[in-house]
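Colleague: I would like to learn how to read a few features of a protein model with you, taking one kind of feature at a time.

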Amino acid sequence: MQTEFRILRCRTGLSTEALAEELGYSEREVFRWESGQIKPKKIILDWLRERAGAPSQEAVGKGFTFIDLFAGIGGLRRAFDGIGGRCIFTSEWDKYAQLTYQSNYADNRPIAGDITKIGVDEIPEHDVLLGGFPCQPFSIAGVSKKNALGRKHGFLDEAQGTLFFDVARILKAHRPRAFLLENVKNLMSHDKGRTFDVIRKILEKDLGYDLHFRILNARHFLPQNRQRIVLVGFREKSGFDWADLRLPPEGETLMRSVLHPENGSEAAEAHYTEGELAKVSVKYTLSDHLWKYLRDYSAKHRAAGNGFGFGLVGPDDTCRTLSARYYKDGSEILVRQKGRKNPRRLTPRECARLMGFPDTFRIPVSDTQAYKQFGNSVAVPVFNEVARIMRPHITGEPVMNDKAVAEEYV
């Protein structure tokens, strides 16, 4: 049960044990508050709200409202918080992603779970709908895996592929001013284009939205080749134009902006780095067995004329797409190490940077869950820019420049 107390406690970063000690109560009492067995006193909730930096109901900002569907760890939300939006509803089914989300966004409200089980009347009226609906049914890797297992993909994948239709039913019921949807590049070509044709028909013909779509690469902002299709729609005809995007040249940002410098210029962050120089923990270095396996696997496919294999990078490189399977062997992005040391995986903090999250972003979960979460996330700077050019068509106000965004909202 996601009680307000639990949400606020996660936001503070305190464990139940630490919170009990700080408040002077027993751990058992704190657990009862968190589980909802009993309600804590108002003075305790007020203290926790202040400690968590959570806004009171009276202090909630003005501006437009939005909902965050398939929210993950809030990558899209960061972009729309940054242009003055206010999130009033969040849906995410994964309990570990919920924990990370709650630790970083002070909402004072629970996160809704499985969107397929939520009625449209349970969702508040809103100005903008955000949704990075699951991409596995349409991704190249996802389709290949499902084909190998003899499973259906795309809209035939009942577990994930039909979640787009939940977006459609919410748009139909609430008619928000605008929406932003995100998915893998392969969505456009899946099933010879028929899948995307269905999506366009529903959004444009059935729901009557003014639709704009474009494939954008995170490589404009980050040292990662990550192409995603972005679909933007407006209830009324708008002057929205992708030409308003300000995209830096691809490939100018390099891995040195992401990697731990290991020279003492940043503080050590347990358990990713250690010592006075904040050296990356040895646990991220590949074992001899795994490193040999990856090299043999790469050589076998190279001999067969295939492109499969590991990706080895240094500070002056860019990297492949970070995927949710990174926790398995890290093969798509391995970092060279000096001397004769085996390469290493990225740390979760480096993965956060690779997706454009600031170092203040809390990572309260295990490495395995963190790798999955960042691999499934959006590249935040890409959507900061998309949000910036969407804003005037949502609010009727002029396009904000970068300085104005920074001063007013960040």
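Predicted model: local features only at pLDDT ≥ 70, side-chain atom pairs only at ≥ 80, totals over all residues.

Colleague: In which sense do S1 and S2 run, and how many bridges join them?

Modeller: Strand S1 (residues 65-69) and S2 run parallel and are joined by four bridges, with Thr65 standing opposite Arg86 of S2.

Colleague: Turning to helices, at what angle do H8 and H9 pack?

Modeller: Helix H8 (residues 163-174) packs against helix H9 (residues 194-206) at an angle of about 10°, and the two axes are 11 Å apart. An angle under 35 degrees counts as roughly parallel, so H8 is described as roughly parallel to H9.

Colleague: Which residues of H8 and H9 make the contact?

Modeller: From H8 the contact takes Phe164, Phe165, Ala168 and Leu171, and from H9 it takes Val198, Ile199, Ile202 and Leu203.

Colleague: Next come the charged pairs; how many salt bridges does a search of the whole structure find?

Modeller: The general idea is that side chains of opposite charge can pair when their charged atoms come close. A search of the whole structure finds 23 salt bridges, and one of them links Glu269 with Arg349, whose closest N and O atoms are 2.8 Å apart. Glu269 lies in the loop between strand S6 (227-234) and strand S7 (273-274), whereas Arg349 belongs to helix H12 (residues 348-354), so this pair ties together parts that are 80 residues apart in sequence.

Colleague: Are Glu269 and Arg349 buried or exposed?

Modeller: Glu269 counts as partly exposed, at 24% relative accessibility, whereas Arg349 is buried, with a relative accessible area of 3%.

Colleague: Which residue forms a salt bridge with Arg336, and where do the two partners lie?

Modeller: Arg336 forms a salt bridge with Asp317, the closest N and O atoms being 3.1 Å apart. Arg336 is in the loop between strand S10 (334-335) and H12, and Asp317 is in the loop between strand S9 (312-313) and helix H11 (326-329), so the bridge ties together parts that are 19 residues apart in sequence. Arg336 is partly exposed, with a relative accessible area of 46%, and Asp317 is also partly exposed, with 25%.

Colleague: What partner does Glu332 have?

Modeller: Glu332 pairs with Arg325, their closest N and O atoms lying 3.3 Å apart; Glu332 counts as buried at 9% relative accessibility, while Arg325 is partly exposed at 34%. Elsewhere, salt bridges that share partners join Arg77, Asp81, Asp107 and Arg109 into one network.

Colleague: To finish with the backbone, which residues are joined by a cis peptide bond, and what is phi at Phe70 and Glu262?

Modeller: In general, most residues other than glycine have a negative phi, and most peptide bonds are trans. Here a cis peptide bond joins Ala270 and His271, with omega about 0°, and His271 is found in the loop between S6 and S7. Glu262, in the loop between S6 and S7, has a positive phi of about 55° although it is not a glycine, and Glu262 is partly exposed, with a relative accessible area of 22%. Phe70 has a positive phi near 50° and is found in the loop between S1 and helix H5 (75-81), where Phe70 is buried, with a relative accessible area of 16%.

Conventions
Residues numbered from 1 in each chain as written. Heavy atoms only, no water. Salt bridge = Lys/Arg side-chain N within 4 Å of Asp/Glu carboxyl O. Helix = DSSP H or I, 4+ residues; strand = E, 2+ residues; numbered from the N terminus. Buried < 20%, exposed > 50% of the residue type's maximum accessible area, 1.4 Å probe, protein only. Axes fitted to C-alpha atoms, helices over the stretch in contact; angles between N-to-C directions. Parallel < 35°, antiparallel > 145°, perpendicular 65-115°, else oblique. Contact = heavy atoms within 4.5 Å. Pairing = 2+ DSSP bridges.
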